[in-house]
Amino acid sequence: MFQTDLGRADSVLAALEMKRPEVAAHSRRVSAYSVRLAVQFGLADEVVETIRLGALLHDVGKMLTPLRILEKPGRPNAREWQELKIHPELGADICHRSGFDDEVVAIVLHHHERCDGSGYPDKLAHPAIPYMVRIVAAMDTFDALTSSRDYRDRLSVPAARTLIARAAGSKYCPWVVSGLLALPVEMLQPGPCPPPGVVRHPEGPAVLPDTGLLDFRLPSPGAALHASLC
């Protein structure tokens, strides 16, 4: 089943690659990072594959985002930002019509939701955001931070991790952030994924937190991540 879904995802991604090659490259990197983090947590193979698919497809809605916005030098203005913010809904519709299951569609639809309810499109807050979505959301931001933009240079891996860690408990799930901080730096470089099981959390598979996010805090509450990380 997953081989069939992966083939279908590759077909959709090929269409994205033709129209938006930079977005497709970003999607492949986010998928690789998300799979590495899922393996780090010892998640079941079928869960890892769902995360792989959802991350590969998370930005497919940008096929329908005007190029004048995606290729604009500098940050989008308010009207352009509103156009850009509908890409998760467009992508979810594409994935639903393509026959992907609800968990994959949820990753595509909700990858810009934030734990404090400040995200979009539905302003979901913890714990309503599925944990698979939280993994892809954090790694999506990680790749955005470590990639160059017209208006800023790429950040180093340590700088990107620090910035995300400062938003643990507000923007990003602390459970996910703890896994991101535990990943060796070599696992946070673009490239093929290592075989499953190569990297695991030193204390064994992580357990999803049962309590509220206030029980987990990292030092240095910090600057908000820029809204244009989309």
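The secondary structure of this protein comes to ten helices and zero strands; helices (H or I, at least four residues) and strands (E, at least two) are DSSP runs, numbered from the N terminus. The model is predicted: local features need pLDDT of at least 70, side-chain atom pairs count only at pLDDT 80 or more, and totals for chains, interfaces and linings use all residues. Residues are numbered from 1 along each chain as its sequence is written, and side-chain values use heavy atoms, with hydrogens and water left out.

## Overall picture

Read along the sequence, the pattern is α-α-α-α-α-α-α-α-α-α. Of the 230 residues, 47% count as buried. Buried means under 20% relative accessible area, exposed over 50%, and partly exposed in between (1.4 Å probe, protein chains only). The accessible surface of the protein is about 10,800 Å², and 56% of that surface belongs to carbon and sulfur atoms; such areas come from the Shrake-Rupley method with a 1.4 Å probe, and for residues only the protein chains shown count as cover. Among contacts with a separation of 6 or more, 69% involve residues 24 or more positions apart, a contact being heavy atoms within 4.5 Å.

A nonpolar core is a set of buried Ala, Val, Leu, Ile, Met, Phe, Trp, Tyr and Cys residues joined through side-chain atoms within 4.5 Å. The largest one has 39 residues, and those with the most contacts inside it are Leu-43, Ile-51, Phe-142 and Leu-188. Helix H2 (21-40), H3, H8, helix H9 (157-166) and helix H10 (174-182) each supply at least two residues of this core. Its largest share, eight residues, comes from H8. A second, separate core of 19 residues includes Leu-56, Val-60, Ala-92 and Val-108.

Helix H8 is mostly covered, with 14 of its 15 residues buried. From its first C-alpha to its last, H8 reaches 21 Å, close to the 21 Å expected at 1.5 Å a residue; the expected span is 1.5 Å times one less than the number of residues. The 13 residues of H3 should span 18 Å, and the end C-alpha atoms of H3 are 19 Å apart, which agrees.

The buried residues of H3 include Val-47, Val-48, Ile-51 and Leu-56. Leaving aside residues up to four places away in sequence, Ile-51 touches Ser-34, Ala-38, Leu-43, Ile-107, Met-132, Ile-135 and Val-136.

## Charged and polar pairs

Side chains of opposite charge can pair when their charged atoms come close. The structure holds nine salt bridges, each defined as a side-chain nitrogen of Lys or Arg within 4 Å of a carboxyl oxygen of Asp or Glu. Three of them are listed below.

| Arg-52 | Glu-49 | 3.0 Å |

Lys-72 counts as partly exposed because its relative accessibility is 25%, whereas Glu-80 is buried at 8%. Salt bridges that share partners also join Arg-68, Arg-79 and Glu-83 into one network.

Arg-52 and Glu-49 both lie in helix H3 (residues 45-57), three residues apart, about one turn of the helix. An α-helix has 3.6 residues a turn, so residues three or four places apart point the same way. Arg-52 is partly exposed, at 24% relative accessibility.

Both Lys-62 and Asp-59 are buried. The side chain of Asp-59 also makes a polar contact of 3.3 Å with that of His-111. A polar contact is a pair of N or O atoms within 3.5 Å; within protein, one must be able to donate a hydrogen and the other to accept it, and residues adjacent in sequence count only if both atoms are side-chain atoms.

## The loop between H7 and H8

His-111 lies in the loop between helix H7 (102-110) and helix H8 (131-145). With a relative accessible area of 0%, His-111 is buried. Beyond residues up to four places away in sequence, His-111 touches several residues, among them His-58, His-87, Val-133 and Asp-140.

Most residues other than glycine have a negative phi, and most peptide bonds are trans. A cis peptide bond, with omega about 10 degrees, joins Tyr-120 and Pro-121, and Pro-121 is placed in this loop. The bond from His-126 to Pro-127 is cis, with omega near 5 degrees; Pro-127 lies in the loop between H7 and H8. Lys-123, found in this loop, has a positive phi near 55 degrees. Lys-123 counts as exposed, at 55% relative accessibility.
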